[in-house]
Amino acid sequence: MPTGQQPQNGGQNETRTLIRFMIIALICTSLFNVFLSSFANRSVEEIPYSQFKTMVAEGQVSEVVIEEDRLLISAKPEDGTEVSFYKQPEVYYTGLVDDPELYAEMDEAGVVYYKPVDNTSPLAELLTNWVLPVLLIYAVFTLFMRSMAKRMGGGPMGMGKSNAKVYMQKETGVTFEDVAGQEEAKESLMEIVDYLHNTSKYAKVGAKLPKGALLVGPPGTGKTLLAKAVAGEAKVPFYSLSGSDFVEMFVGVGASRVRDLFKQASENAPCIIFIDEIDAIGKSRDNQMGSNDEREQTLNQLLSEMDGFDPGKGIVVLGATNRPEVLDKALLRPGRFDRRVIVDKPDLKGREQILQVHLKDVKVADDIDLHQIALATSGGAGADLANIVNEAALRAVRLGREKVQQEDFMEAVEIIIAGKEKKDRIMNEKERKIVAYHEVGHALAAALQSHSQPVQKITIVPRTMGALGYTMQMPEEERYLMSKEEILDQITTLTAGRAAEEVIFHSVTTGASNDIERATSMARSMVAQYGMSDKFGMMGLESVQNKYLDGRNVATCSEATQAKLDEEVRQIVEGAHQKAVQLLEENQEALHRIAAFLLEKETITGEEFMEILKQQ
Ligand code: ADP
Ligand code: MG
Ligand code: ZN
């Protein structure tokens, strides 16, 4: 925790809090004193002086305390037992009467009497009755507040006394070298780095750099990593908070955190403020049923802070999100997050580079083919690749190897895609056969259609993620466009598993559910998004909602049109299915041959497959 920030943090606040403490403590103490004095007099009963005299005469009094204006009388217990802690005497008092004979009478009755010396100075009394309780209450109060503050990360009094500094990192230790395959993103961030390096150069020309940049892309592509790398490259402090850190149960905490964050940052400029998952606070304020006060306040504070700071000062605000479309328009307007840096999933070359970065500290065999791994991981993000490298290394350790081999990587890819092998699951002979024909059906259809990708591997070893067997296809090269014919071929390949079951066993199983799902969604996209049907032509029927996450589609057409869309999709899938059945029927002989081989071996490679296919 850097020193010297505490006082600025709220000298005023501190005094106000102290005064409040004092008032509460004083009230408590007065109550305490009233309570105490009433307690002291509780069991004391006033009696007439004459009764007192009688009691003395009858020997019922054990002790008399002569006070300034009264006599305090302790009676003997009635049953004659000794006075003890549990058996307190009855206490009475009576007024002072000028009665010179009293002492003689008390002496005679054996009463102990005395007049206490008043040695309590007023100062001591003040101390015990007033100061001590106040201090005690202060201590308890402070402890209580502290635990509250810890729980809420702020505290209602010192309201969100900046948590930001906890996240402050002097050096992130990450540089652009650690981020691979994001060349375009790095390029646009390079300018920010340069700006943070020599702010004055820009000031001289009068150029203003954007105050904020938004890193946008799917999860795991390295947005957080890139933000850290910018700070690392620029060698400036890095303030980072996640959007959800701002959103608290107590209204106002988030806003005050934003305020503190910017305040601290401006004291340490040049620096970077990074707000991860900014959609948590930056959600659009309209179209909401129950609006969220806390989030709105936080967002408003953020907006005004971003307007407020001096652009020449050298503060850059970076935000990261995978849902840019939900962000409030005010957040995106010029002067705020007006620059958008797309951090998309890496392409083939990018994946190879990312693998290289993560292999830096891993011992690998000499014949590692990164290109092949990159090919097999099409669609994977940086985080997936990091995961694959680690899984491969773990597997190598498990098998007692010193170096990671290519097969470890390929197995790791499969683990990520389909889960771990379940060697102990025993399928009965009939089921194994169905699975084998189903998978060979996919592979054969793929191989027979000229446009299709060749298969990489077929296996009927079940996996933990539910697959009983699968056919792994691997593209020979990265593709960015797909033609209508290619999509149709893919749909045919997907339906070929079920088609093989029909052709060979004349019955169907539940095993095709995933194929059906994928085939249908492909066909749907063809019609609704890619304009590939004759019926609708180039009319768009659906739009993608959050394209960096699950990519849910939302219909933009009327319900009547949707019904027609469904019919069109059905026809495409059904057409592909028919084609698959026909293909397999024509090549039944090959289907039997390969399936027999697969049943024997459990796993066959693409080359083995092609070899058997070519034998006649
Ligand atoms: P995001 O914030 O986009 O969801 P992260 O930046 O948190 O993703 O990335 C998670 C991890 O994935 C990183 O710590 C890093 O190990 C790895 N990673 C992701 N993208 C890359 C990349 N482009 N280069 C190297 N490693 C990456
Ligand atoms: Mg992140
Ligand atoms: Zn299948």
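The structure described here is a predicted model. Histidine 442 belongs to helix H17 (residues 429-448), whereas aspartate 515 belongs to helix H19 (residues 513-528).

H17 packs with helix H22 (residues 606-614) at an angle of about 75 degrees, and the two axes are 12 Å apart. Angles of 65 to 115 degrees count as roughly perpendicular, and H17 and H22 are therefore roughly perpendicular to each other. On the H17 side the contact involves Ala443, Leu444 and Ala447, which meet Phe609, Met610 and Leu613 of H22. The contact of H17 with H22 consists of six nonpolar residues, with no polar and no charged ones.

An open sheet is formed by three strands in the order E13-E12-E16, with antiparallel pairing. Its edge strands are E13 (470-473) and E16 (603-605), each of which pairs on one side only. Neighbouring strands of this sheet are turned against each other by 15 degrees on average, direction ignored. Strand E12 (residues 455-459) is joined to E16 by three bridges, and E12 and E16 run antiparallel. Isoleucine 458 has isoleucine 604 of E16 as its bridge partner. Helix H16 (residues 406-418) lies across E12 and E13, and runs at about 120 degrees to E13.

Another open sheet contains five strands in the order E1-E4-E3-E2-E5, and its pairing is mixed. The edge positions are held by strand E1 (44-46) and by E5, each pairing on one side only. From one strand to the next, the twist averages 20 degrees. E1 pairs with strand E4 (residues 91-95) in the parallel sense over three bridges; glutamate 45 has tyrosine 92 of E4 as its bridge partner. Strand E2 (residues 61-66) and strand E3 (residues 70-75) run antiparallel and are joined by five bridges. Three residues lie between E2 and E3, and the two strands form a hairpin. Within this pair, isoleucine 66 stands opposite leucine 71 in E3. E2 is also joined to strand E5 (residues 112-114), here by three bridges and in parallel. The bridge partner of valine 65 in E5 is tyrosine 114. Helix H3 (residues 102-109) lies across E2, E3 and E5, and its direction is at about 145 degrees to E5.

Two further helix pairs were examined. Two packed helices are described by the angle between their axes and the distance between the axes. For helix H18 (residues 484-505) and helix H20 (residues 559-586), the axes come within 7 Å and cross at roughly 60 degrees. That angle makes H18 oblique to H20. The crossing of H18 past H20 is right-handed. H18 contributes Leu488, Asp489, Ile491, Thr492, Thr495, Ala496, Arg498, Ala499, Ala500, Glu502 and Val503 to the contact. These residues meet Ile572, Val573, Ala576, His577, Lys579, Ala580, Val581, Leu584 and Glu585 in H20. By residue class, the contact of H18 with H20 divides into twelve nonpolar, three polar and five charged residues.

The axes of helix H13 (residues 348-358) and helix H15 (residues 382-398) come within 9 Å, with a crossing angle of roughly 45 degrees. H13 and H15 are therefore oblique to each other. H13 passes H15 in a right-handed crossing. In H13 the contact residues are Arg351, Ile354, Leu355 and His358, and they meet Gly382, Leu385, Ala386 and Val389 in H15. Five residues of the contact of H13 with H15 are nonpolar, two are polar and one is charged.

Notes
Residues numbered from 1 in each chain as written. Chains lettered and ligands numbered in written order. Predicted model: local features only at pLDDT ≥ 70, side-chain atom pairs only at ≥ 80, totals over all residues. Heavy atoms only, no water. Pairing = 2+ DSSP bridges. Helix = DSSP H or I, 4+ residues; strand = E, 2+ residues; numbered from the N terminus. Axes fitted to C-alpha atoms, helices over the stretch in contact; angles between N-to-C directions. Contact = heavy atoms within 4.5 Å. Parallel < 35°, antiparallel > 145°, perpendicular 65-115°, else oblique. Left-handed = near helix turned anticlockwise from the far one by under 90°. Nonpolar A, V, L, I, M, F, W, Y, C, P; charged D, E, K, R; others polar.
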